[in-house]
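Trainee: Could we go through this structure together, with the reason behind each label that we use?
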Amino acid sequence: MLFAILLIALHAPLLRLPYFWDEAGYYIPAARDLLSGSLIPYSTPSNAHPPLVLAWLALCWKIFGQSQLVTRCAMLLLAAFSLLGFFRLARTVANSAVAICSTALVAIYPVFFTQSSLAQVDLPAAGLIFWGLESYFRGRRVSLVIWFSLAALAKETAILVPVALLIAELTRFTRAAVRGAAIPRDDRADLSMRKVFLPRTGKAAIPDRRRAALQGRVSVDEENSPASAGPSISPAHLIYRSAWLLAPAIPLALWFAYHYARTGFVFGNPEFFRYNVQSTLHPLRIALALLLRIWQTFGYLDLYVLTLACLAALMFAPIRDSQGERPRIDLSVQFSFLAVAIVYLVSLSFIGGAVLARYMLPVVPLVILVCVSTIWRRLPAWKAVIGVIALAFVSALFVNPPYGFSPEDNLAYRDYIRLHKRAETFLQERYPHARVLTAWPASDELTRPYLGYVPKAIQVVKIEDFSAEQVLSAADARSRFDVALVFSTKYRPQHSVFDRFSLWQEWKSRYFGYHVDLTPEVAASVLGGTVVYVEPRHGQWVGIIEMEKIEEATVESRVLCQHLAKYSAEQ
């Protein structure tokens, strides 16, 4: 309850914002379809995402009515539940001090903060993963099956976590077999350390030999020796234990079977599958995506401050206090976290057309946890260091970075919504019956009043984006529209070091859909119109162009279009 109250209070200015980007394009229409009784969306093409989060939204709408306020509060409740699961996980594998600091940093990390109130599935899936990991490290098998099953039904990629844990267990078993060491057969002394909490104190009760090993008084080899490990595990017993980690795949498989029976497609509509799977398998694209995923995990939006602080802390010896040397997170737990991170990094480098930071939400909080534990363990001034990191995260929430990023990853999404809301209100008032040329997602914002931008639907002529090629093609059909609503579809910083490299620009265009949007003034020259409204804000902009009443484009306009197309290709 405390997490929910704090989150709702922090998001109070954002609770009534219209829906943004993928919310508007898929999740809100799909949830409305579910509310009407259909698990498979019909007002928007299905992408085969499981319906758990959408069902939660539909339930909240059924009880409290459909509105942006209800949607935002419903998602914030899921975010609070996710933070609670992460706090319990952190306290299970570390201690209360590390858990409190880690949870606070996760809550204010820009990607987590902004996703907390957006009607998308990645953060709720991550939260259910945290609950599943907590059950895994406590040895609660039935609970872990339930949590991981729910996570997979929130988003299908969550199944990667139990797969990663299975790989970690098999790896440890193989290494132990090679060394000739025994692995405990006791279910609660599983392949990862299970800490048992003492009542009231919240302190982990670690077995004496394990605590001694952590403090360096007993060697790791001695602690893992057959004499200390108890009866060894057999391959058959390992398979039995591992089967629990595969069980969450069953409800996910049933969902995909149902989706196939209803639509004829397993993994979403053909365009969705092409964009997210078939078009992403070029070796160079995979390598570039992997580098971007690593950056999103350790450096993105001031995460590098945390990473550098952790690396600096490793140069110091562990602190010794009245209870002895401060313990690390058990290495077997860290190995499990590493397995989850590697599986996510590699898998999401192969699939996923858009390399979005929110896809890494199951992994980034685990990195924060390990880094905070290391800082707490080794730096005397650890509280001050955590404070500096917190300030960096808050700064990244408000200040856009000097490189390209998705506006949904900090409060730039709020700027986008307000820009579009004001422009589309102007458009509705001045041109209520006009045919409007624009691109997605503004095309949905204008045709679906329930998204919160306009009170009545406006007729739209849709193009892909506002690159020179697309605007040039629109100029050839100027008789089809009266007004153009143009806007920045990509955030482009004024001064970016990477944009100076033509090869990087080529790679972004070829593999990640990057393009340069024409400004309102240039687009107006190409289309043969007049700019009647323009508003820029923090690297984003929106403009409205009123078309002149002429039938054919002038020769000068066509020449200008050709030059613009050439310029865009060079960029």
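Mentor: Let us start with a term: a salt bridge is a side-chain nitrogen of Lys or Arg within 4 Å of a carboxyl oxygen of Asp or Glu. This is a predicted model, in which local features need pLDDT of at least 70 and side-chain atom pairs count only at pLDDT 80 or more, while totals for chains, interfaces and linings use all residues. Residues are numbered from 1 along each chain as its sequence is written, and side-chain values use heavy atoms, with hydrogens and water left out.

Trainee: What makes aspartate 122 and arginine 358 a salt bridge?

Mentor: Their closest N and O atoms are 2.7 Å apart, and the rule asks for within 4 Å, so the pair counts as a salt bridge. Aspartate 122 lies in helix α7 and arginine 358 in the loop between α18 and α19, so the pair ties together parts that are 236 residues apart in sequence.

Trainee: Why is aspartate 122 called buried?

Mentor: Buried means under 20% relative accessible area, exposed over 50%, and partly exposed in between (1.4 Å probe, protein chains only). Aspartate 122 has 4% relative accessibility, so this residue counts as buried, and arginine 358, at 2%, counts as buried too.

Trainee: What makes aspartate 415 and arginine 414 a salt bridge?

Mentor: Their side chains meet at 3.8 Å, N to O, which is within the limit, so the pair qualifies.

Conventions
Helix = DSSP H or I, 4+ residues; strand = E, 2+ residues; numbered from the N terminus.
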